[in-house]
Amino acid sequence: MATVEDVLRDALGHLGVIDAGEAIEADDARDGIYALNNMMRRWEANGIALGWADVIAVADEAPLPPEALETVGANLAVRLRSKYQVAIAPDVIQMATDGLALLRRDVLKTMDMTQRTGLTRPGWYDYRTDTWH
């Protein structure tokens, strides 16, 4: 399973502010974790239920399914871009946008259909006559 450090390294790498072998500085880790928790809470509130639980350290396991890691890293890069005052590559923006759309689609495919209470009628409906019996 991926760690929070893996997600942060992915995002910061997209921004070009760290190299592959470079350690993440404490300030960058703190700000990245804060932004990651906020972003993921917003996604959960918007119905993109990935099972997120807030993280507090780079060594924490990232509570994400593997298919969401790339999308989360790219979207976190977009979110952190203004902090680092760097231009973000169009392909990263496209990866973030497409990935988020795919996650939304996946959520829609797995949502249970529920019927709101109070909408049912006793008996049965005859579609030919448009009447309830």
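**Figure 1. Overview of the predicted chain, with four helices and two strands.** Read along the sequence, the elements follow the pattern α-α-α-α-β-β. Of the 133 residues in the chain, 34% are buried, and the accessible surface amounts to about 8,700 Å², with 53% of that area belonging to carbon and sulfur atoms. When contacts between residues at least 6 apart in sequence are considered, 61% of them join residues at least 24 apart.

**Figure 2. Helix 2 and its length.** Helix 2 has 20 residues, which at 1.5 Å a residue should span 28 Å, and this agrees with the 28 Å that separates its end C-alpha atoms. Its buried residues are Asp28, Ala29, Gly32, Ile33, Ala35, Leu36, Asn37, Met39, Met40 and Trp43. Just after helix 2 comes glycine 47, whose phi is positive, at about 95°.

**Figure 3. The largest nonpolar core, a set of 34 residues.** The residues with the most contacts inside this core are Leu36, Met40, Trp43, Leu50, Leu64, Val72 and Leu76. At least two core residues are supplied by each of helix 1 (4-15), helix 2 (26-45), helix 3 (69-84) and helix 4 (90-110), and the largest share, seven residues, comes from helix 2.

Figure 4. Once its neighbours within four places in sequence are left aside, valine 72 is in contact with Val7, Leu36, Met39, Met40, Trp43 and Leu64.

Figure 5. Aspartate 28 has a relative accessible area of 15%, and because buried means under 20%, it is classed as buried. Leaving aside its neighbours within four places in sequence, aspartate 28 is in contact with Leu12, Lys83 and Tyr84.

**Figure 6. Lysine 83 and the ring of tyrosine 84.** The charged end of lysine 83 sits over the ring of tyrosine 84, at 4.4 Å from the centre of that ring. Both lysine 83 and tyrosine 84 are also in contact with aspartate 28, which lies in helix 2. As for pairs between aromatic rings, the structure holds zero of them.

Conventions. Residues numbered from 1 in each chain as written. Predicted model: local features only at pLDDT ≥ 70, side-chain atom pairs only at ≥ 80, totals over all residues. Heavy atoms only, no water. Core = buried A, V, L, I, M, F, W, Y, C linked by side-chain atoms within 4.5 Å. Buried < 20%, exposed > 50% of the residue type's maximum accessible area, 1.4 Å probe, protein only. Contact = heavy atoms within 4.5 Å. Expected span 1.5 Å × (residues − 1). Phe/Tyr/Trp six-rings, centres within 6.5 Å; stacked < 30°, edge-to-face > 60°. Lys NZ or Arg CZ within 6 Å of the ring centre and 35° of its normal. Areas by Shrake-Rupley, 256 points an atom, 1.4 Å probe, with all protein chains shown as cover.
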